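Notebook open. I list here what I looked up, entry by entry.

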Amino acid sequence: MALTVAVQMDPIQAIRIAGDTTFALLLEAQSRGHTLLHYTPDRLSMRDGRVTARVEPLRVQDVEGDHAALGAQERIDLAEVDVVLMRQDPPFDLAYITATHMLERIHPQTLVVNNPFEVRNAPEKLFVTAYPELMPPTLITRDKREIEEFRAEHGAVVMKPLHGHGGAAVLRVLPEDPNFGSMFDLFSVTFREPWVVQRFLPRITEGDKRIILVDGEPLGAVNRVPAANDIRSNMVRGGTGGATALTPREQEICAAIGPELRRRGLILVGIDVIDGNLTEINVTSPTGIRAIKRLGGPDLAVPVWDAIEAKVTRPQSA
């Protein structure tokens, strides 16, 4: 069945398509005959309860620099499309949260992927704490004394902002670190939210595995190895991806969280696992699909769209 699909994303002209999961989803949608509409979050509006956006018809091709053709802009009622892909990158800030409230007005009559209510209520570094038995020791706080006591118990730790993304401001703090006071002061004036403090996992040098789950099922993974002299494995921070398979422990993690992801309507999710420890559950705009395919794995855009099409409830015209 042909669907009308609106994608809420950062400007498509500026993306790097080689590693962009949203672009992979758009290519697959177009290949299935779906109509694509593009808009940026600042063009989302709500008036008298109606949620609208100024959209552009979109055609895509897998050619870097010539990957998107946009038509004339028009305002549409998003309640009249079949699917909205909420794919703008974080930060998970008040603007992002507001967008989830607006899109919640049209879901599920218009299927929003991922479910905006559940995205809002599953911040990636908080949602994961529902599974402490799968995680490394973790503290969420702004309290200096709590951090010092946690460090005294666990030695080297990693500090990062609770709503950070892309590896920004992820710092390793040594057991006896003369920079800790300055780091604490810097975090205090830079981030208003609490911070995540986790026991440092030395085997990060062997990789941080990104596992993609589609409707709760693990279907592919990429092992991201940090660059030399860095603890951050994010590919935007210089990490390199390698082909990988799931270990029994990683399969156990996926089996534990998969049913809850499915129940919440989180169709496309990326989890991060370091040395058998679950560290994040990414639900806002998870990436990894193109890297997995490039490394010889499956094209996960296919099962994503199979899942989306199975969930569309709007009657389709013949």
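**Entry: helix on sheet**

Which strands does helix α6 lie across, and at about what angle does it run to β11? I looked at residues 180-190, the span of α6. The helix lies across β10, β11 and β12. Its angle to β11 is about 145°. I note at once that this is a predicted model.

**Entry: the sheet itself**

I then traced the sheet. It has 4 strands and is open. The order reads β9-β12-β10-β11, with antiparallel pairing. I checked the edges next. β9 (138-141) and β11 (171-173) each have a single partner strand, so one side of each is left without a neighbour in the sheet. Neighbouring strands are turned by 25° against each other on average, direction ignored.

One pairing I followed down to residues. Strand β10 covers 157-161 and strand β12 covers 195-199. The two run antiparallel and are joined by 5 bridges. I picked V158 and searched for its bridge partner in β12, which is Q198.

**Entry: domains**

I looked up how the chain is divided. Domain 1 spans 4-121, domain 2 spans 137-199 and domain 3 spans 203-303. I also noted the spacing of domain 1 and domain 2. Their centres, taken over C-alpha atoms, are separated by 35 Å.

**Entry: salt bridges**

How many salt bridges does the structure hold? I found 23. I went through some of them.

I took D275 and R203 to begin with. Their closest N and O atoms are 3.1 Å apart. I checked accessibility for both. D275 is partly exposed, with 37% relative accessible area. R203 counts as partly exposed too, at 42%.

Next I took D272 and R210. Their side chains meet in a salt bridge at 2.7 Å, N to O. D272 belongs to strand β16 and R210 to strand β13, so this pair ties together parts 62 residues apart in sequence. Are these two buried or exposed? D272 has a relative accessible area of 5% and is buried. R210 is buried as well, at 5%. I used the cut-off here: buried means under 20% relative accessible area.

Then I looked within a helix. E260 forms a salt bridge with R263, with the closest N and O atoms 2.8 Å apart. Both residues lie in helix α7 (residues 248-263). They are 3 residues apart, so about one helical turn separates them. R263 counts as exposed, at 57% relative accessibility.

I also found a network of salt bridges. It links E28, R32, D306 and E309.

Which peptide bond ends at P108 in the cis form? It is the bond from H107 to P108, with omega near 10°. I placed P108 in the loop between α2 (94-104) and β8 (111-113).

I logged another cis bond, joining V113 and N114. Its omega is about -5°. N114 lies in the loop between β8 and α3 (116-120).

I then checked phi values. D215 has a positive phi of about 50°, although it is not a glycine. Its place is the loop between β13 and β14 (217-225). D275 came up again here. This residue also is not a glycine, yet its phi is positive at about 50°. I had already placed D275 in the loop between β16 and β17.

**Entry: W305**

Where is W305 found, and what is it in contact with? I located W305 in helix α9 (residues 301-311). Its relative accessible area is 0%, and W305 is buried. I listed its contacts, leaving aside neighbours within four places in sequence. They are V5, L25, E28, A29, R32, H34 and L85.

W305 and G276 are 29 residues apart along the chain. Their C-alpha atoms are separated by 29 Å.

Terms used:
Residues are numbered from 1 along each chain as its sequence is written. This is a predicted model: local features need pLDDT of at least 70, side-chain atom pairs count only at pLDDT 80 or more; totals for chains, interfaces and linings use all residues. Side-chain values use heavy atoms; hydrogens and water are left out. Domain bounds come from an automatic or database domain assignment. Two strands pair if DSSP finds at least two bridges between them. Axes are lines fitted to C-alpha atoms, for helices over the stretch in contact, and angles run from 0 to 180 degrees between N-to-C directions. Contact means heavy atoms within 4.5 Å. A salt bridge is a side-chain nitrogen of Lys or Arg within 4 Å of a carboxyl oxygen of Asp or Glu. Buried means under 20% relative accessible area, exposed over 50%, partly exposed in between (1.4 Å probe, protein chains only).
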